Amino acid sequence: MQEVSNELKNAAYENSPPLTSMDSEATRAKAGPGLLLFPGTAQRHHQHNRSLLSTLTRTANGNGNGNANDEHIAISQRKPPPRSVRSIRRPALWQRTLRRANCEGAGERDGAEEQDDHRASGTVCLAKLQAFIIEFLQGSSIHGFVYMAKFGLNFVERMLWFAFIIVALFSIISLSHRTWQRFQTSPMVISMDRNKLVWNTSFPSLTVCPHKRIDELKVEDYMIAHSEHFEDEEDKEDFRDFIVKLASLTYDNLESLPLNKSFGIDSGKYLDILYDLKWAFEPEISSGAAVKMFIYETQTEFGICHSVNSLVAQYNSFDYWRSNDWSILDHGDRVTVHPLDGEIYAQIINLSTAYDVYFHGAGDVPNISKQRYTFPESDYTTVELIALEIYTNEEARAFTTKQRQCRFQYEAEDMQTVPIYSFGLCLSECRMFFALRVCGCVPHFYRNRLRNGRRLPICGLEGIGCLAKIKREIISLKSDKYKINCNCLSNCDDSNFFVQSYRSRVWFLGANLQWGIIDYPKMQLRRDVLFSFADVLVYIGGLVGFFLGCSALSFTEIVYYFTARLIRRMLFN
């Protein structure tokens, strides 16, 4: 037996590599030859040693019977399984998790292989995912993440770092939300521009509404043509009074219209009859401006009027409505003046009647809530105005109307009766739809055909009586009983004019009106971009860098890890 033991030892020493003076017996027992660089060679050495030992043992015991000492010698010569080169690149936790999962899977398959294969596969996938997340946290460039998976930290320290990260994320989200809200609601600022020598001033526009609007001769001809509706002279006198008040009807004098007789006139024909019976009001205009001014007949909330130097008056003309036109018209250029031009006036002559005047910008229409001036038919009146303009920088066109809080003329997607936008036109539409909602009809001085082809009913005598009850709410667009939301924004390029002084004197040639700017403005308002999208990006990026110390590449890293790298880890590793 002693000889067999010596032969076994000699065989083991002959198949083992030579030892240097610094090698120890424990090192040889743990590592073995070629463990790291050549794992396959190490495995072949172990298999060769084990087969040689078993052969010698069987030779020594020819009868095939081993004893306890032989079994102890064979077990003592076993060495730990070899490690592959790939295991060096994996984190230690990854190896332990996979090894534990594999062991659990192997133990379950020993009991019932068909039922437990799916459970073991799920355990392996879960272990892979856990190890993948830990690997991401340990290698992430976002500050604080590494402490969530760092070895050597206890539970309290991990929870403390987790709380710090949550607070940082909450601060980033909260401040970023406030920044985004500011960008959405108030990215513009209105500043003052005093460089008066480099910009022009818009010339004041006005709308003249004559007091005399019905031609008596045409009324007589109408009554003769429709004599069946007039039984006696009293009916004719009532009709004359009715048609004159209908021509001058506005929200201020709705109660003045007689509501006892309709004289066989359908409410849908009111506007047609008024234009058939109107008095020929043909004023003439002259000016000292370099650009020629035009005067257009227009339909307003005050009836049939005439506008000078207006960019929107043509869209409210009766001919434009009757032709069912929705195209953009050529209205000429806006008339502007410069301080070097000196005093420039425009004049309307041949008025021949008393009249009301409304001063406004070229891109607006008369508003019933603003002041009006009334002048007699025998005076020569001179009006001097001062101007205050506001214009918008071209960069603001890239913003939405909600961000700008104003609209350009071409932004008319919400308008239903005209193809352009104007603040005054928007208010007129709001009054019209409010009257429709409360009384079920609209006044005759509005365009009752909408852009979508719908026709709105025109108020008859009963409808006008309903409008008279809510006229204050219609004028002010404020009501305690009804909800009114016009959503009308100001014009981005707007001009406001204020009467500085006016004087009148009796003129033997009839009513004339002269107006102009004698004192040029020293300042104007400019709407500029204060907070652009680039500022939002820089601000939010600074918050993320301040609280988490990461950059745009850090988010790219997250996307890469949880897409391509995760799929590779879960499916192909």
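At 7% relative accessibility, cysteine 441 counts as buried. Its disulfide partner is cysteine 459, with the two sulfur atoms 2.0 Å apart. Cysteine 459 is buried too, with a relative accessible area of 2%. Both values fall in the buried class because the cut-off is under 20% relative accessible area. The model in which this pair occurs is predicted. The torsion about the S-S bond of cysteine 441 and cysteine 459 is about 95°, so this disulfide is right-handed. Cysteine 441 and cysteine 459 each lie in the loop between H14 and H15, so the bond ties together parts that are 18 residues apart in sequence.

Cysteine 439 is joined to cysteine 466, with an S to S distance of 2.1 Å. Cysteine 439 belongs to helix H14 and cysteine 466 to helix H15; the pair links distant parts of the chain, 27 residues apart. The torsion about this S-S bond is about -85°, so the link of cysteine 439 and cysteine 466 is left-handed. Cysteine 439 is buried, at a relative accessible area of 18%. Cysteine 466, at 24%, counts as partly exposed.

A disulfide joins cysteine 426 to cysteine 488, S to S 2.0 Å. The partners sit in distant parts of the chain, 62 residues apart: cysteine 426 in helix H14, cysteine 488 in the loop between H16 and strand S13 (490–491). The angle about the S-S bond is -85°, and the link of cysteine 426 and cysteine 488 is left-handed. Cysteine 426 is buried, with a relative accessible area of 9%. Cysteine 488 is buried as well, at 17%.

Six disulfides are counted in total. With bonded cysteines counted along the protein chain, they follow the pattern 1-2, 3-12, 4-11, 5-10, 6-9, 7-8. Elsewhere, cysteine 550 counts as buried, at 9% relative accessibility.

The largest nonpolar core has 44 residues. Phe239, Ile243, Leu246 and Tyr251 have the most contacts inside this core. At least two core residues come from each of helix H9 (216–225), helix H10 (233–247), helix H11 (270–276), helix H14 (423–439), helix H15 (461–469) and helix H16 (471–476). Helices H14 and H15, which hold cysteine 439 and cysteine 466 respectively, are thus among the contributors to the core. A second core is separate, with 28 residues that include Val335, Ile344, Ala346 and Leu385. In soluble globular proteins, nonpolar side chains tend to be buried together.

Leaving aside neighbours within four places in sequence, phenylalanine 239 is in contact with Val219, Tyr222, Met223, Phe230, Phe263 and Ile265.

Helix H17 (residues 533–548) has 16 residues. From first C-alpha to last, H17 reaches 22 Å, close to the 22 Å expected at 1.5 Å a residue. The buried residues of H17 are Val536, Leu543, Val544 and Leu548. Seen down the helix axis, they fall within an arc of 95°, so they line one face of H17. On the other side of H17, Val538 and Phe546 are exposed. The buried residues of H17 pack against helix H8 (155–185) and helix H18 (552–572). Glycine 549 follows H17 and has a positive phi, near 65°.

Helix H18 has 21 residues. The span of H18 from first C-alpha to last is 29 Å, close to the 30 Å expected at 1.5 Å a residue. H18 bends by about 40° at arginine 565. Arginine 565 is also one of the buried residues of H18.

Of the 573 residues, 41% are buried. Among contacts with a separation of 6 or more, 75% are between residues 24 or more positions apart.

Conventions: Residues numbered from 1 in each chain as written. Predicted model: local features only at pLDDT ≥ 70, side-chain atom pairs only at ≥ 80, totals over all residues. Heavy atoms only, no water. Core = buried A, V, L, I, M, F, W, Y, C linked by side-chain atoms within 4.5 Å. Buried < 20%, exposed > 50% of the residue type's maximum accessible area, 1.4 Å probe, protein only. Helix = DSSP H or I, 4+ residues; strand = E, 2+ residues; numbered from the N terminus. Contact = heavy atoms within 4.5 Å. Disulfide = S-S within 2.5 Å. Expected span 1.5 Å × (residues − 1). Arc of directions from axis to C-beta. Bend = angle between axes of the 7 residues up to and from the residue.
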